[in-house]
Each structure stands twice: as C-alpha cells, then as structure tokens.
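Me: I would like a close look at one part of this model. Please keep it brisk and give the cut-offs.

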Amino acid sequence: MPLLTQQIQDEDDQYSLVASLDNVRNLSTILKHATCLATKNGIKVTVENAKWTLTAFRMCYQGYGYPLMLFLEEGGVVTVCKINTQEPEETLDFDFCSTSVINKIILQSEGLHEVFSELDMKSEVLQITMSPDKPYFRLSTFGNAGSSHLDYPKDSDLMEAFHCNQTQVNRYKISLLKPSTKALVLSCKVSIRTDNRDFPSLQYMIRNEDGQICFVEYYCCPDEEVPESES
Amino acid sequence: MKFRAKIVDGACLNHFTRISNMIAKLAKTCTLRISPDKLNFILCDKLANGGVSMWCELEQENFFNEFQMEGVSAENNEIYLELTSENLSRALKTAQNARALKIKLTNKHFPCLTVSVELLSMSSSSRIVTHDIPIKVIPRKLWKDLQEPVVPDPDVSIYLPVLKTMKSVVEKMKNISNHLVIEANLDGELNLKIETELVCVTTHFKDLGNPPLASESTHQDRNVEHMAEVHVDIRKLLQFLAGQQVNPTKALCNIVNNKMVHFDLLHEDVSLQYFIPALS
C-alpha cells in the first residue's frame, strides 16, 4: 500500500483517499497478484485469481462528499459498488520514534513462519526477549500445559542484523499479534524493534511476483503486567 | 382412488430424481397432483410460504412405462396429495442404478405413497427397498386453491443469465441486505441491485436477449431501454436459484412492475414456474 498512498499524498489537494486497515489487508492480497495502473481518475487493478479468470477492478474517488466507486468486471458481467464515505477517525498514533529504538533485529521470515502458526493459543501473551547477552532473541508462551521458549542465537543463519543494547523482556497479547501473521506469511524479512517505552514495531518486507517491494508496518501496545525476570 | 406407476429406464429415473431434488430445495411441503396425463408439484401462495408459489409439470408418459390412476371420482379424475418433499427425494436416492422403480398409493395404518426400488445385487439376484412416505389426501373442496396460476402480462420478459453466476452474485449480496431489486428491459439488460445506508451494489448482465413480444401493440411505443423492476426478499430468490443444480434448457424471467417476478424454466421436458411477490 505505501506505493499507492505515496502517489496520492503528492497531489493532496485533489485526492483525499483514506483506506482503513481492513481494506488494506484485503487489497494487499489482491495486489500480490495484480498489475496496477494508476491514473488521474483512479487506480485500475487487474487480477488473476486461482481459477484463472480475469477480474478487472477499478477504484475511483471524486473527492470529499462523493462515494467511493468500485468497478468489478468478470466474464462480461459488471458489478458497480458505491460506498458512502465517512469522516475518518483519527488513526491511532503509536508515536514510535526511530531515534528511541533500543533493540533491533532483522530476521528472515521463514524462521518465524512455523513458530507463529504453532503458537500456543492457550497462552494469552507472547513474551519477546531481546538482549545483547544470551538468549539474545527469545519467544515465549505460557499456556495450561506449560511454557515454551524458542531461542534464536545472534549468529544464526536466519539473523540478518542484530543490534541489541539492553535486555528487554516484554509481553504482548497474542490476540493483538495474530493479525500480523498474515503479513509474516507473505514476507521474506521481518524487522523487530522496541523503543524505550517497550513498544514494538514490526516491519514486514514483502516482495511480490514482479519483484516490487512493499512494507507492512505493525504496531501494538505492550501488556501492562510486568513479567518476573526469567533465568 | 388408485395410483400405480413404474419407471424402468435409467435415464428417466435419474431425471425424475433430479426433479425431486429440485422440488425438495424449493418447497419443504408441497402438493403432488396426479392426473391421467401429468404429474404436478404445486406450492400455492399461502402466507406460510411468504407468498411464493410454484407450479412444476411433467408429462407422465415421458417418464413412466406403466401408469394407472383412478381419481376421486369419474368427473374429478385427479388425486391431490400433500407430502414432505424431502421424503420423496430421499427415497429416490436409493434408486440410483436401480432396475425398476414403482410408486403406488397405499394405506398402511395411514395413507402413504409407497416407493419400491428394485436393485440388482452383486450375485445378480435382486433385492427390493421400500419406502413408505406418509401423505395427506387433499379434499376436493380445497382443489380450487391449487390450480395452475394465471400468468399476468409481464412488463418485461427476458432470458436469464447462467443461473450459477446469478446465484453466486445473489449469495454475496445476501450478506449486505435482505432487500433486492431485480430490474430488466427489452434491450437484453438485467440488473440486480441492493442498497443500504452505507453501500449500493449493482450487478449488470447484458446481451441476454428477450423473447418475441406476445402483443406488439402494447409495447410498440415503449422505450426499449426502460426498466421494469420489482423489489423482492433476497432469501426467496436465493432459495429458487439454489434449487437449480443444473442449468435449465430454457430460462425466462417475467417482471410485472412492482408486483412480482415470474421465473419460467424448462429442464429438458419438465416445466417449472416460480412466482415471487414484490415486498410490500
């Protein structure tokens, strides 16, 4: 989505296209297999879905007060959607400042795929430990059956970058992190950073079939309960 | 009152089974009318059905190689039975690859339609599976409500698109609203529209073709692009479309502006008429 919003922000006066997170998620699945043509009137996306039929899609927005128009065409049948727009709510600003980053690692996503899909769902939280000393990078869950820890050493093949200055142990509600696993599955690399307020920033680098790169950023709040120190 | 019939042809049996499956999807309970030449599956427009009515007709000689019936009386040589549609389709499930199917009216503690299926075993000896379907005989005084509906002169008559496509469109629309508008014109265009406070979705079907007009005079001056429309309950339309497992030989849609939509289908040699009234 960054590719698209960038173009639109340049011509701020003419366009005020606001896409909510939900829409972006759906569209990004479409965009993975799509050819995009951006014009003054809108964005034309041609999609080839799994059944090998071509569904052409065009999105147009005339401006404030006008509805968002979506045009879908498949096999000669045209569907037109007119979506009434609403006043946008202020998006949550997590105020994540790059200069207050304490720890940062960049991992190859394949190392995390299985982990996230196998996360103990009985555990309410995922605990992330980042430290300049052992265990370096640890993911922990605490469920009814017991706790599990996954350690990634800093010299592991999967670790592309490891910059940890301080030991930080933070817990995040799994329910908040689960939505980001969709981006994880599509991504080739992920960057995990924490700032001085223990807020995480997850950045997923996704490369689509044409080689174009886009990023999905994910922010959430840490769990307020302070964990006991682990040995 | 007597009724016995037999099907031995495999293709006829399969066709009859498919028709029975369709009826089971369209109406939970329906009336079976038996006359010397035809069989009809009828759903009349009672409030309980939400005003929807159905008339399905097949020529008995296209299916049965033996067919004997004796109606209520000589002047009223017909039989009207009420049954649960699913019971018949379930009985016919066992008739796949059957050697013969017999249906007859019986009285086993209560009136039944007995379906006997003769199946060939591995050892080429046959076995018979019998289903007794409970039925209610409908008295003559109620027959007047079960007659073939009069088809009003439509404002627009148009051929339907592939029903599978129409069904998948309507299925998605069902999630947004219960209220659907079907509109069509004499230029081969049919639109399905739903509208809520937040969103308005229209699917356009083009180049569908219109049957030749019944009466040239009434339609001569009319603008060919003018749309006739009807507002219907989307669930009723979906139920009708869900019943059509196979694309029919012929499918026509007749719209009486703001009053009702009439679907006129032909599944090979079996005709089906389905009426959905406009939402009040």
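Which residues line the second largest cavity?

Reply: First, the basis. This is a predicted model, in which local features need pLDDT of at least 70, side-chain atom pairs count only at pLDDT 80 or more, and totals for chains, interfaces and linings use all residues. Residues are numbered from 1 along each chain as its sequence is written, chains are lettered from A and ligands numbered from 1 in the order in which they are written, and side-chain values use heavy atoms, with hydrogens and water left out.

The second largest cavity is lined by F3(B), F16(B), L32(B), L39(B), F41(B), L88(B), I103(B) and L113(B). A cavity here is a set of points on a 1 Å grid over the protein atoms alone, where a 1.4 Å probe fits but cannot get out; lining residues have an atom within 4 Å of a point. The space in this second largest cavity is about 40 Å³. That volume is the space filled by probe spheres set on the points, with grid points joined across faces, edges and corners. By class, its lining has 8 nonpolar, no polar and no charged residues. Ala, Val, Leu, Ile, Met, Phe, Trp, Tyr, Cys and Pro count as nonpolar; Asp, Glu, Lys and Arg count as charged; the others, Gly among them, count as polar.

Now the setting in chain B. Its secondary structure comes to 5 helices and 18 strands (DSSP runs numbered from the N terminus: helices are H or I, at least four residues; strands are E, at least two). Of the 280 residues in chain B, 48% are buried, meaning under 20% relative accessible area with a 1.4 Å probe, protein chains only. Take the contacts in chain B with a separation of 6 or more: residues 24 or more positions apart account for 63% of them. Contact means heavy atoms within 4.5 Å. The C-alpha atoms of chain B fill a box of roughly 65 × 45 × 35 Å along the principal axes.

For context, the structure holds 3 cavities of 30 Å³ or more. The largest cavity has about 80 Å³ of space. Its lining includes L112(A), F116(A), I128(A) and Y204(A). Helix 3 (110-117) and strand 8 (137-142) of chain A are among the elements that each supply at least two residues of that lining. The lining of the largest cavity divides into 11 nonpolar, no polar and no charged residues.

Conventions:
On a 1 Å grid over the protein atoms alone, a cavity is a set of points where a 1.4 Å probe fits but cannot get out, and a pocket is an open set with protein on both sides within 12 Å along at least five of seven lines; lining residues have an atom within 4 Å of a point. Buried means under 20% relative accessible area, exposed over 50%, partly exposed in between (1.4 Å probe, protein chains only).
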